[in-house]
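Dear colleague,

Please find below the structure that I am handing over to you. My findings follow it.

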Amino acid sequence: MTEEAIEKENAEIAKAYKNLLKVSYQTLTKEDKILIRQAFEVALDAHKNQRRKSGEAYIFHPIAVARIVASEIGLDATSIASALLHDVVEDSPDYTKDDIARLFGDTVARIVDGLTKISSLSKETDVSTQAENFRKMLLTLNDDVRVIIIKIADRLHNMQTMDSMRPDKQEKIASETLYIYAPLAHRIGLYNIKTELEDLGMKYTEPEVYNDILERMQESKQEQDEYIKSFSKVIVDSLDKEGLNYEIKGRPKSIFSIRKKILKQGVDFDEVYDKFAVRIIYKSDFKNEKFLAWKIYSIVTDHFTPNPTRLRDWISSPKSTGYEALHITVMGPKNRWVEVQVRSERMNEIAEKGYAAHYKYKEGQAEDALDTWIGKLQEALESNETNAVDFVEQFKLNLYSKEIFVFSPKGDLKSLPKGATPLDFAFSVHTEVGMKTRGAKVNGRLVPLSHELNSGDHVEILTSETIKPNRNWLDYATTARALSKIKSALKADKKDIAEDGKEILRRKLKQLKIALDEKSVNEMVTHFKLKTSLDLFYRVGIGTIDNAMLKDYASSRSNMFMSYIKNKIRKPTVAPDIDKDEITSKYDQLVFGKEEEKLDYKLSTCCNPIPGDPVFGFLTINDGIKVHKKNCPNALSMQSNYAYRVMTAKWIDSSQQVFATQIKLSGIDNLGLVNNITQVISSNMHVNMKSISFESDDGIFTGKINVVVPNITMLKKLIDNLKKINGIDKVTRV
């Protein structure tokens with residue numbers, strides 16, 4: 001770099017640093033500024049020789065993360081300093097955790113240590129490095145919630161500056177973001193950041209879909225602005241008459257949530273009716289907040305008809321993230337449904353800043369909901385038996401869940417995720433109560449343990465000293481806490497039974513004149529198609545492997561030598577092997593990796609890929625390579641937790657092999673419709689119809705057709721032709 005370029009860069013760094021102090025949400029004292037300045041200088045020194053993939057000086061990254069922490073999340077000076085230092089220990093040999101503690105105190109050192117990634121873990125183990133990182137990060141929650149918040153800010157800035165990375169790296173990081181960080185931001189109450197993470201995640205995992213929705217939203221922006229104006233015009237006079245101090249804003253829905261709606265409801269972009277929400281933010285002192293919210297509700301519903309099933313009152317009972325607001329869906333101008341969010345300025349700050357604003361407004365009020373949540377999370381961390389990937393899966397179970405509130409027999413209110421059962425309730429009361437659950441009464445009536453609880457239910461747990469958890473309980477419980485406790489109990493139980501089983505097996509084999517040793521155990525594991533010796537001993541212990549089965553094993557063992565001799569002398573009945581390349585070249589071929597190798601694979605049943613679909617390979621433990629579609633429901637989990645087992649894959653030829661798929665149709669029933677559909681399919685030379693079923697209900701029909709096609713092009717052509725039939729409204733591939 002030239003001297004002039006270095007000077008210019010230094011000026012930009014200084015400007016970025018000054019800007020950081022200017023945009024801080026918290027008021028910074030003189031001591032705060034000294035702490036932040038010192039952190040900045042240490043970071044500047046530690047990263048002096050580092051550059052990012054884009055070529056810019058590395059120091060811009062910690063400054064940007066600190067800026068997100070300071071302004072968008074609104075944390076304190078300790079957090080801003082920790083954000084500036086978050087990569088120092090990992091990236092610079094000149095600084096250790098002890099150095100940070102000496103220079104900045106134990107709190108900053110603890111946060112920085114929590115943020116330092118695990119880089120020494122072997123990539124070849126069966127545990128994802130990222131899941132281990134995530135687990136370590138969660139374990140630091142016990143010390144400081146700021147670790148997680150700074151980590152989310154770090155991820156946000158990485159997502160914002162990912163353009164210069166390799167596509168496979170982009171996809172891995174984006175999958176991880178959608179899988180872990182967006183739900184986490186949501187749970188902590190950082191809704192703006194959650195939305196941006198989801199949109200950026202989608203930008204790299206489904207770029208075509210993302211860009212298509214983005215373009216269409218930009219095209220409809222002017223129309224949206226005009227709509228909000230016409231909506232506001234109707235209520236402004238009434239709001240002004242009441243002397244309210246307020247502003248009305250329009251907020252477009254995120255690209256990610258529009259995509260979710262399109263998939264969930266099976267509609268096109270134009271059919272998604274609520275692409276934006278109207279937000280009314282009003283000024284109020286704390287005492288009158290609730291009264292004014294309902295006054296605004298009353299004014300809005302005087303002018304527009306509300307949808308009573310869509311009223312959400314999070315002012316009377318806030319979400320566990322601390323979110324407060326009144327959501328109303330009304331029939332707006334041009335007969336379109338509009339979501340109206342009513343919030344005071346305080347509520348709006350909590351919605352945007354989450355934890356920090358809550359902290360600012362708390363001022364000695366009752367225990368913060370987020371503190372309670374951290375307490376619950378800590379319980380999930382107690383079980384250190386689970387491997388990191390299971391742990392992340394369990395943790396995620398409780399992230400996106402909507403809540404219900406149920407009453408204990410004493411009238412205490414308990415918050416549980418939607419879909420929770422009496423068993424979840426029992427474990428939430430106490431582990432011992434959960435372990436001894438014999439049955440449950442909901443609203444005074446006996447219910448099965450799998451019964452789904454609803455808000456307002458009174459739940460009473462019946463216990464017994466003789467009861468022990470059984471495997472069925474795993475199907476009845478939904479919360480991470482209950483599942484981890486049940487699994488631990490079953491594991492301990494299984495070990496005890498296996499110990500007894502081993503002795504029973506030794507006795508039974510002795511009668512068959514076979515010694516229980518490593519060789520015979522391995523033979524039996526293979527013979528009974530099991531995975532481990534523990535499985536073998538356990539099955540003998542519970543009696544599913546009985547005397548007759550062991551006799552079969554003994555006789556197959558004595559026959560092994562004879563069958564070996566027979567196989568040697570048996571003449572081959574198969575024709576000589578034809579040149580495989582000659583055959584495979586005629587079929588659709590999947591190739592893997594950069595070298596485009598032809599490997600053995602199986603098509604996964606969860607998403608049924610067919611030639612032409614964007615796909616990837618996933619290396620399973622027992623089944624070799626399984627091929628999944630890129631938009632498979634399990635793709636995010638696999639790419640996030642097991643990125644090192646994901647292989648790039650693509651189709652390179654498309655001719656004679658055929659693939660089964662299902663098409664779903666719906667529309668208006670009319671005479672001869674089925675005939676028209678079958679004609680369109682049979683006139684398409686390359687498509688075979690396997691089965692067809694139709695249902696008609698009050699003039700509306702739905703149908704399913706199973707067809708066999710050579711590739712995706714033919715399938716698309718068929719779908720387009722079916723759409724042209726008079727009366728058909730929707731045609732989708734399942």
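This is a predicted model: local features need pLDDT of at least 70, side-chain atom pairs count only at pLDDT 80 or more; totals for chains, interfaces and linings use all residues.

Residues are numbered from 1 along each chain as its sequence is written, and side-chain values use heavy atoms, without hydrogens and water.

An open sheet has four strands in the order β18-β19-β17-β20, with antiparallel pairing. Strands are DSSP runs of E with at least two residues, helices are runs of H or I with at least four, and both are numbered from the N terminus; two strands pair if DSSP finds at least two bridges between them. Because β18 and β20 (728-733) each have a single partner strand, they stand at the edges, and one side of each lacks a neighbour in the sheet. Strands β17 (residues 659-668) and β19 (residues 700-709) are joined by 10 bridges. Within this pair, Phe659 is opposite Val709 of β19.

Ile692 belongs to strand β18 (residues 688-697). With a relative accessible area of 33%, Ile692 is partly exposed (buried means under 20%, exposed over 50%, partly exposed in between, with a 1.4 Å probe and protein chains only).

Ser82, in helix α4 (residues 77-84), is buried, its relative accessible area being 0%. Beyond its neighbours within four places in sequence, Ser82 is in contact (heavy atoms within 4.5 Å) with Val108, Ile111, Val112 and Ile150.

Yours sincerely
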